[in-house]
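Let's walk through this model together, one piece of secondary structure at a time. Have the sequence and the coordinates ready.

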Amino acid sequence: MIPLLRTALELGLISSLTVLALFLSYSMLNVCDLSTDGCFTLGASVGAVVAIAGHPYASLAAAMLAGVISGFITAFLQTKMGVDSLLAGIIMNTALYSVNIAIMGGSSLLNMNKTDTVFSKIQSIPVIGAFELNKLIIALLAVILVAVFLYVFLRMKIGLAIRATGNNPDMVRSSSINPAMTTIVGLCVSNSFTALSGCLLAQSQKSVNIDIGSGMVTIALASLLIGGAFIRSTKMSHRIAGAVLGAFLFRLVYTVALRFNMPAYMLKLVSSVIVIFAISGPYLKSRYPEFARRLEKRRC
Amino acid sequence: MLKLSDITKTFNPGTVNEKTALSHLNLTVNDGDFISIIGSNGAGKSTLFNAIAGSFMVDSGRIELDEKDITFMPEHERARTIGRLFQDPLKGTAPDMSIEENLALAAGSGGWLSVLSKTERSVLREKVALLNMGLEDRMNSPVGLLSGGQRQALTLLMATINPPKILLLDEHTAALDPATSVKVNELTDKIVSENKLTCLMITHNMQSALVTGNRTLMMEDGNIILNISGDERSGLTVDDLLTMFRTRSGRALDNDRILLSKNGI
């Protein structure tokens with residue numbers, strides 16, 4: 001049971017960075033960023049290439065920078081070029097497929113078995129190495145840093161402006177703030193988290209393939225909605241913690257399901273079903289009284 | 001001083017739905033003016049406000065504010081000097097954010113990376129207390145929980161927290177119940193006179209259009225057909241106004257809300 005929990009915790013923490021990215025773009029900015037899959041892979045491939053070149057720490061920064069650039073282009077398309085926000089994400093996703101293979105040198109798979117990664121670097125520290133805590137510690141550290149940063153960021157004036165943009169863009173304009181600017185900043189920040197998440201996942205499993213990010217947006221959305229269902233507070237700190245918790249719970253359920261012989265390829269179906277239920281649940285609930293009345297009438 | 005010269009705006013040009021909402025309109029608003037604007041449905045009152053606030057660019061003409069050409073300045077930049085309230089009380093605030101956060105954004109003090117300080121919080125709280133609605137004790141509750149009147153009062157405070165050069169009021173009390181509407185009107189008068197704001201107000205209440213402020217404009221077909229102030233205005237009654245409208249526009253005033261409220265408040 002312990003190794004099971006541990007895997008769930010490690011994977012949950014790493015993917016919670018993408019969940020935090022969606023918390024910013026989806027919950028705060030009200031933009032469904034469909035470039036998430038591509039950006040996740042972008043972070044993974046850039047991180048892998050830089051790590052293979054011998055810079056495991058710089059690989060994190062490089063991945064995040066790549067995420068910022070990707071986020072900037074997605075946001076630029078939807079705020080300045082008149083491309084619908086969903087379409088902008090889909091287009092970016094498609095474009096990133098080519099970009100990612102190009103970054104990996106024309107191959108769709110990179111191996112890091114003999115590469116120094118951030119995880120292998122700290123393995124030499126006695127206690128960490130002995131108990132194989134390296135993945136857990138790095139992932140935990142990254143999540144804490146990102147969550148604290150996000151909390152502070154959302155309290156800053158720029159953070160308030162981003163929240164207001166998702167809430168009422170008219171009000172943002174009348175506060176002399178350009179909503180295009182806040183959307184661009186918001187997506188740059190959120191995509192840097194997504195890319196970091198991809199970079200860490202690739203290094204923890206010591207390989208990248210071009211499909212590493214496929215379905216990430218649905219998985220992260222499912223985690224986000226699960227977290228929101230468990231933590232119903234409106235307090236920002238609780239909601240951020242809820243997003244991380246959701247990622248962990250999602251991975252936990254998934255790992256347990258694998259134990260009960262659910263085939264691994266079912267992950268994406270399960271996450272899609274969760275997202276459907278979480279989004280349409282409240283809608284169906286609000287329609288229920290009308291439905292019940294109709295049923296009542298038919299019975300009479 | 002706000003100066004509009006020869007402003008024209010046509011919607012859907014070249015289609016069957018073509019509508020000239022503003023037609024070669026000229027208007028000069030002096031500092032300290034409080035102008036009431038009345039007119040039929042579709043006379044171009046709100047379009048005039050949209051043109052001033054920059055919601056769209058006018059097709060031709062020139063808009064100057066304090067001798068500076070703002071014709072092509074985008075809406076969010078104009079918002080620094082032009083405050084605006086809509087009829088819909090939900091339009092001016094972000095519902096999921098707290099009263100404090102809404103005000104902090106409107107106040108806009110500090111850099112992009114600044115966090116609201118304790119002093120700033122207490123200043124905002126004091127300002128909210130001036131509204132006399134008990135909102136100062138609910139600074140952290142989401143604005144979405146407030147009533148329409150409370151939200152409109154808050155929007156008024158947000159629009160004037162940095163006194164604007166021009167305040168545009170687009171029937172901002174029309175969607176409120178009568179008692180709240182009176183209260184928000186009183187608040188508006190208080191804030192406008194305390195800050196000596198220059199103000200343009202669209203209203204459907206003919207009586208208050210004659211009593212409130214120092215000038216009355218009447219609009220029809222995208223132009224100003226009546227522009228009165230001073231002695232000429234002080235002796236007028238609502239019936240005079242209706243007669244003037246009929247003689248100038250060649251037809252009876254048709255604004256459902258005006259007709260319904262002609263003898264009322």
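Predicted model: local features only at pLDDT ≥ 70, side-chain atom pairs only at ≥ 80, totals over all residues.

Residues are numbered from 1 along each chain as its sequence is written, chains are lettered from A and ligands numbered from 1 in the order in which they are written, and side-chain values use heavy atoms, leaving out hydrogens and water.

Strand 1 (residues 2–11) and strand 4 (residues 60–65) of chain B run antiparallel and are joined by 5 bridges; two strands pair if DSSP finds at least two bridges between them. They belong to an open, antiparallel sheet of 4 strands in chain B, ordered 2-1-4-5. Strand 2 (19–29) and strand 5 (68–69) of chain B each have a single partner strand, so one side of each lacks a neighbour in the sheet. Helix 1 (residues 45–53) of chain B packs on this sheet, touching strands 1, 2 and 4 of chain B (contact means heavy atoms within 4.5 Å).

Chain B also has an open sheet of 6 strands with mixed pairing, in the order 6-7-8-3-9-10. Its edges are strand 6 (82–85) and strand 10 (223–229) of chain B. Within chain B, strand 7 (residues 166–170) runs parallel to strand 8 (residues 198–202), with 5 bridges between them, and Leu167(B) has Cys199(B) as its bridge partner.

Terms used: Helix = DSSP H or I, 4+ residues; strand = E, 2+ residues; numbered from the N terminus. Axes fitted to C-alpha atoms, helices over the stretch in contact; angles between N-to-C directions.
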